[in-house]
Amino acid sequence: MTTRKENFSKWYLETIQKADLMDYAPVRGNIIFKPDGFAIWEQIQDAMDQRFKEEGVRNAYFPMLIPESFFTKEKDHIEGFAPELPWVTEAAGEKLEERLALRPTSETVIGDAYSRWINSYRDLPLMLNQWANVFRWEKRTLPFLRTSEFLWQEGHTAHSTAQEAQERTQTMLRIYRDVVENTLAMPVFMGEKTPSERFAGAERTYSIESMMQDGKAVQAGTSHYMGTKFAEAFDIKFLNEDNEHVYAYTTSWGTSTRLIGALIMTHGDDQGLVLPPAVAATQVIFIPVGPWQKNPEIMEKIKELQDQLHAKGIRTTIDDTDNRPGFKFAEAELRGVPLRVEVGPRDLENGQAMYKLRDLDDKDSVGFEDFAARIQDELQAMQSRLLETARARQAEHIYTDINTLDELEAHIEAKTEAGEIPGWVLAGWDGTEESEALIKERTGFTTRNIPFEGMVEPKTTCIVTGKPAKETVWLARAY
């Protein structure tokens with residue numbers, strides 16, 4: 001395989017294909033999720049869905065086809081999505097009277113429904129989520145991270161007050177951080193997007209951003225406060241407790257299968273995938289070694305140990321193919337299985353099994369009497385270790401002492417020439433789109449988000465103009 005240092009993008013593409021996560025679809029920019037790839041998404045779904053429901057959010061499903069007239073009701077929204085929209089213009093051999101878009105997101109169709117469903121303050125808050133596919137006709141695609149069709153969840157809520165809607169926006173962002181950090185073991189940077197990076201039609205957009213091993217950023221989740229803009233566009237009014245008809249305050253928030261790509265780029269190594277136990281379809285793989293076909297006691301012991309792990313809810317499989325052990329070990333590593341257990345004739349004699357964790361080099365042994373408890377502890381330790389390893393790696397590539405655009409350019413040039421990662425830069429910003437655009441034009445870095453108060457030491461001067469900084473921002477190249 002290509003190594004990460006040789007060519008990170010090529011390494012990524014080789015890894016996801018050799019690990020059998022996906023295949024390319026006939027239509028440009030689309031992929032097929034193979035079972036092992038989709039299983040990761042199912043684990044992410046389960047983790048998020050549980051937390052959503054704990055917050056009182058219920059699941060629903062809305063149509064994929066959206067009338068063109070719906071988009072024209074909110075000017076910023078249609079301008080933001082128009083270049084990426086695929087349209088249906090004909091059905092059953094006849095031209096349609098109105099074009100139908102394949103949904104890029106569902107604010108419009110859900111806003112239309114909410115206008116009918118919400119009549120009184122007693123109907124609020126209304127909090128729904130849907131697991132669905134969406135379409136955005138991307139010019140440059142990369143499997144999982146950016147495809148023309150992708151899977152996601154999108155939540156949409158309506159509230160009686162601005163404060164309640166703002167609180168919901170922040171709550172969902174914290175849920176995203178919780179899942180991404182504790183289930184995917186990916187540390188994130190929380191903050192607010194700059195106005196130019198806001199979701200189309202939102203008053204405020206918040207995000208969690210994660211750094212990949214090549215130093216680039218992936219936007220891992222967003223949460224949007226809409227104010228009353230969509231309520232006004234779709235007439236979402238209700239009778240309040242003062243007997244007045246007023247507009248509702250709405251939010252929307254979403255994460256997608258780009259998390260799978262980010263997960264791989266965060267933890268993978270030159271042998272292939274490294275999957276956190278929480279999301280791995282197979283958490284433990286058993287591999288019989290030695291002349292196990294002639295010794296049925298080996299497989300009997302493996303199945304006994306497997307039953308012990310199943311009783312603890314641990315997902316397992318047995319590789320009982322006739323391939324050589326070395327091949328099986330390499331295949332398990334390539335696919336990112338968190339923990340490998342080997343049992344052979346000598347292990348039966350010694351009353352123990354050998355095991356190896358995917359992120360560590362050395363093997364260890366465990367007695368059969370302590371097996372299930374030890375394996376469970378090792379998986380939990382690996383989950384925590386991957387998060388801490390990623391945090392330590394990120395800390396090595398964060399720069400807070402770059403204060404001018406010339407310094408940033410020199411930093412990027414020096415790192416590039418040395419074959420090193422430019423990483424992320426914490427910078428002051430005067431709040432103007434002109435300064436933001438100049439940073440991108442000269443360096444390829446973009447604003448990722450404005451860290452929440454107390455998360456970083458504020459910068460005092462703008463990196464572009466030298467004037468007093470209005471905000472402190474994270475700058476990085478992004479996928």
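**Group meeting: a walk through the predicted model**

Okay, let's start with A92, which lies in the loop between β5 (87–91) and β6 (94–102). Helices and strands here are DSSP runs, numbered from the N terminus, with at least four residues of H or I for a helix and at least two of E for a strand. A92 isn't a glycine, and still has a positive phi of about 55°. Is A92 buried or exposed? It counts as exposed, because its relative accessibility is 85%. Our cut-offs are under 20% relative accessible area for buried, over 50% for exposed, and partly exposed in between, using a 1.4 Å probe and protein chains only.

Quick housekeeping. This is a predicted model, so local features need pLDDT of at least 70 and side-chain atom pairs count only at pLDDT 80 or more, while totals for chains, interfaces and linings use all residues. Residues are numbered from 1 along each chain as its sequence is written, and side-chain values use heavy atoms, with hydrogens and water left out.

Buried or exposed? A185 is buried, because its relative accessible area is 0%.

P125 belongs to the loop between α5 (107–117) and β7.

That takes us to the sheet. There's an open sheet of 8 strands, with mixed pairing, and the order is β3-β7-β8-β14-β11-β10-β9-β23. Which strands stand at the edges? Those are β3 (58–59) and β23 (450–451); each has a single partner strand, so one side of each has no neighbour in the sheet. By pairing I mean that DSSP finds at least two bridges between the two strands.

Within that sheet, β7 (residues 126–135) and β8 (residues 149–159) run antiparallel and are joined by 10 bridges. If you want a landmark, look for A132, which stands opposite W152 in β8.

Next, β11 (residues 217–227), which is mostly covered: 10 of its 11 residues are buried. Going one way, 8 bridges join β11 to β10 (residues 204–211), and these two run antiparallel. T205 stands opposite H224 in β11. β10 and β11 form a hairpin with 5 residues between them, and in the turn G215 has a positive phi of about 85°. β11 is also joined to β14 (residues 249–256), by 5 bridges and again antiparallel. The landmark there is T222, opposite G254 in β14.

Okay, helices. Which residues of α9 are buried? They are I298, M299, K301, I302, L305, Q306 and L309. Looking down the axis of α9, the buried residues fall within an arc of 160°, so they line one face of the helix. The arc is that of the directions from the helix axis to the C-beta atoms. As a reminder, an α-helix has 3.6 residues a turn, so residues three or four places apart point the same way.

What do those buried residues pack against? The list is β15 (284–288), β16 (316–318), β17 (339–343), α11 (345–350) and α12 (371–396). The face of α9 turned away from the buried side carries the exposed residues P296, E297, E300, D307 and A311. Just after α9, G313 takes a positive phi of about 80°.

One arginine I'd like you to look at is R51, in helix α2 (residues 35–54). R51 counts as buried because its relative accessibility is 19%. Leaving out residues up to four places away in sequence, R51 touches I175, D178, V179 and T183, where contact means heavy atoms within 4.5 Å.

Finally, the whole chain. There are 14 helices and 24 strands, and buried residues make up 54% of the 479 residues. For contacts with a separation of 6 or more, 69% are between residues 24 or more positions apart. The C-alpha atoms fill a box of roughly 80 × 55 × 50 Å along the principal axes.

That's my tour; over to you.
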